[in-house]
Amino acid sequence: MEYTFLNIHQQLIQKKQLDSLLRHELERQRQAIDTSVRKIISDLRSYSLLDVWYPKLTESCVMKFLTSSIYKRENRQVFESPTKLPFPTNKTLRLNNFLKYIPDHLDIILKCIHQYFQSSIKSEEINYIPTETTISFFASSTFPALFGYNWCIEEGKNYIDALLKLIEMTFNQYGKSFLNSNFRNSYLRELIRQFFHASGIQRFLQLSLSTDIALLLADERLNRVDEGTIAYIEILLIYVERINRAFISSMPKMPPLIKHFFSESFRFACENCPKDSMEPYQLIEFLFFDLMISPALLNPKLFALIPETSISTRSPHLTMLTKIFRWKLLPIAIPDKYKAIQNNKNYNSINVFYIIKQLTSFKDDLEGIYGNMIMEVTDTQHHLILMSANDVQFLAHIINETLDKVSCKDSTKEKIRGYAKIETELNLENDELLDFWYSSYRELPVIDRENDAIELVIPIVGQHEPVSIDPKISKTISHLINYLQGIQPNMAEPVGLYQFLQNQRELAEKNMSSEWITKTEAIESKLQRLNMPEEEVLEAVRATITERLDNSASEFATSFKHQECLDDLKRMSKSISKLNEQLLPIIHQSVLRVFFNSHKDIHDFLKKHTSSLSSNNQQWVEFFKPITQNLQEYGESLNLDANHQMRLVRQLHSALVSEIPFKEFQESNQNCQQLDEKLNSAYKGIIENFKEDKYSKTLMQLFTSPGCFESAIEVLRNGTKYGAPLEKLAKINESMVILQDIYLFEAGEGCPGDDFLPMFIFALLNARLPSLASMKLYIEHFLISVSEKIKILDSKEKYVMTTFMSAAEHILSFVSSQ
């Protein structure tokens, strides 16, 4: 291809525009990455600190929580660096030096930590710690803050390595046995539990437990049998066996860092226990069941295993589930009166050892966000840590209390003791958390992994032979390129390079532009000294453009890697934000219980008028509305914002409606019961008639493969069996999300409204809900009636409710006229 000067000049202008575009895009992405990393760490810190309160939050302590430093920290300033803290410069410099020095002697610091929490001083009261115990603050704040709250894989690995060293010290202290009760009840419980939370175990638990726990809590058979009988245990065994299968099927969704922790713990145990000992397996059993599963079963709301508006779920049934798992691991522990369960089919189907084998054999790459990759693509040399001055003072306090008991060189002790003097210099007076960001230049560990290369794999820049430019002329060519990129091409009268320069000089003289006269004469002079034909000069310019386009390709690749990292960070951030959001109902339920304690007449009225409240729509509204107003006024007195207020009302609604059994509601509305009976006998014919109508090509393809709807149908069938209207609505929404994903996979695009309603009707028909008419009226009566007067639903929930009501109405129309 022949290149004219005009063509090359246009390329230079576009290359300049491309450089500007890439520069601004890379800067935008880098800022977004920094913002996302900060949000992830900040949200993880909030979650960990709040997790100190949530497991024990009740009506007796909710007021204390709402005035606590941890609750109020959300609205407080986070200082941009240690130097921005409200202390004199000499103190902030020493604080900075303390943090800079810690990583170099982490092994010694860990020994101090172990000494402190194994001694009696762990129970001391410290005025600058905002939790009831020192270990809860250390586990939720000080310790995870040192490792960036697991925001990246490398920090997670550092976190795990530190935990393993503490496990080793505790193991050695207590007779080198993982069965020792002192080992199992040590400070490690709280550290490991918080590690699981910071590593994202909640999603795995939700996948494994949420469906069966909800069904178990609503299983009326458990209320009809004595809890001390074999019949009772046999019902629970059905759920234990199902949960066991769910653990196995959900194992791929367990966060890789947690799998790595299990496999490394097992490796350590195998290296330090006698050959053929069962203790390595018993350690994994302890970590998995005692520290991960039991807390979730005993407090499902804490792990968002059930809808947010579900009423209190502490149940002896859930406690018994944990016992049955232990019996399977240790049959000798089964009480004599339950020995017969060893012949039970479900009991024998439980394969706990397979789960443990899966946990101990993890050898895959650690998937997730890599800090080294983030630093490479953003060209930064540091990574962020978020902690508080309270953490610094407490860590220094731990060191000062225990350093003399730790074995290390005297010179090293003196250095550490010198840095730990920051404890007395800070001298915090109260438990207000002074959070700040710290840029750590400590190198993150290098973890070998595939696909680390940053390269452009799509052909934005064409393939070409290697470019070589004579270094003797490259500087002049670069000056010429910079000159031409400052001038627009002459499209009207295209000329050659030398004529173009002559025209530009004459134009500059005419306009009396001394700047452009000087620039043009300088370029002409440089080209004259080269003494090259114009064609060779243009060829050198074109070769330089090609070389620089290769550099642009590298920048494109970097930009794509930026976006890949940013997308990963946003997904992680969304997941963590959701965790924090899912825990809010625990606050609201506690506040609601306090409210009910001072308004005992509410429940009294509800019990006396259950029948009329179930049949008289207006009476229900008149009952609910003033209670809502009183609750909102109470919430305002606690300084709860509008978001909290709406959630309080939702909790109130579910708490009240849940006290009206669905069967009693059906008995008060027998017309619906009769309609349900008609529908149940007509489902098969309705489905056949429905499929005969004309639908889009995508829907017709989907309807011929009903198996793809199974997961959505199962959610509808099981999820709507229990709970008040808001819980039913949450499960209906869950099924709709699944249907949207099914359509997206089939069609390659989102489902339009014209297709979604018939697709949902198809799923609802195949779910064959036995009480669809009653459920429709139940939602209308208790929810729609009050949602028109009180803000209780968000826009998405209104759409879900409208879609469900339309679908149910359509289905019921087939039998309502009969």
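Colleague: Is the crossing of H23 and H24 left-handed or right-handed?
Modeller: This is a predicted model, so the answer describes a prediction. In it, the crossing of H23 and H24 is left-handed.

Colleague: Thanks! How are H23 and H24 oriented to each other, roughly parallel or roughly antiparallel?
Modeller: H23 covers residues 497-510 and H24 covers residues 514-530, and their axes lie 9 Å apart. The two helices pack at an angle of about 155 degrees. Angles over 145 degrees count as roughly antiparallel, so H23 and H24 are roughly antiparallel.

Colleague: And how many nonpolar residues does the contact of H23 with H24 have?
Modeller: On the H23 side the contact includes Leu 497, Tyr 498, Leu 501 and Ala 508. Across from them, H24 brings residues including Trp 516, Ile 517, Ile 523 and Leu 527. By class, this contact of H23 with H24 has 4 charged residues, 3 polar ones and a nonpolar count of 8.

Colleague: Let's move on to H31 and H37. Are H31 and H37 roughly parallel or roughly perpendicular to each other?
Modeller: H31 spans residues 670-692 and H37 spans residues 795-816, with axes 9 Å apart. Their packing angle is about 105 degrees. An angle from 65 to 115 degrees counts as roughly perpendicular, and H31 and H37 are therefore roughly perpendicular.

Colleague: Which charged residue does H31 bring to its contact with H37?
Modeller: H31 meets H37 through Leu 675, Lys 678, Leu 679, Ala 682, Ile 686 and Phe 690. The contact divides into 9 nonpolar, 2 polar and 1 charged residue.

Colleague: How many charged residues are in the contact of H9 with H14?
Modeller: The axes of H9 (residues 188-198) and H14 (residues 279-298) come within 10 Å and cross at roughly 75 degrees, which makes H9 roughly perpendicular to H14. Arg 189, Ile 192, Arg 193 and Phe 196 of H9 meet Phe 286, Leu 287, Asp 290, Leu 291 and Met 292 of H14. By class there are 6 nonpolar residues and no polar ones, and the charged residues number 3.

Colleague: Finally, what area do domain 2 and domain 3 bury between them?
Modeller: The domain assignment places domain 2 at 200-368 and domain 3 at 666-817, and their centres are 33 Å apart. In the contact, 6 residues of domain 2 touch 6 residues of domain 3. Of the buried area, 69% is on carbon and sulfur atoms, and the total is about 630 Å².

How values were computed:
Residues numbered from 1 in each chain as written. Predicted model: local features only at pLDDT ≥ 70, side-chain atom pairs only at ≥ 80, totals over all residues. Heavy atoms only, no water. Axes fitted to C-alpha atoms, helices over the stretch in contact; angles between N-to-C directions. Helix = DSSP H or I, 4+ residues; strand = E, 2+ residues; numbered from the N terminus. Parallel < 35°, antiparallel > 145°, perpendicular 65-115°, else oblique. Left-handed = near helix turned anticlockwise from the far one by under 90°. Contact = heavy atoms within 4.5 Å. Nonpolar A, V, L, I, M, F, W, Y, C, P; charged D, E, K, R; others polar. Domains from an automatic or database assignment. Buried area = accessible area lost by both parts, 1.4 Å probe.
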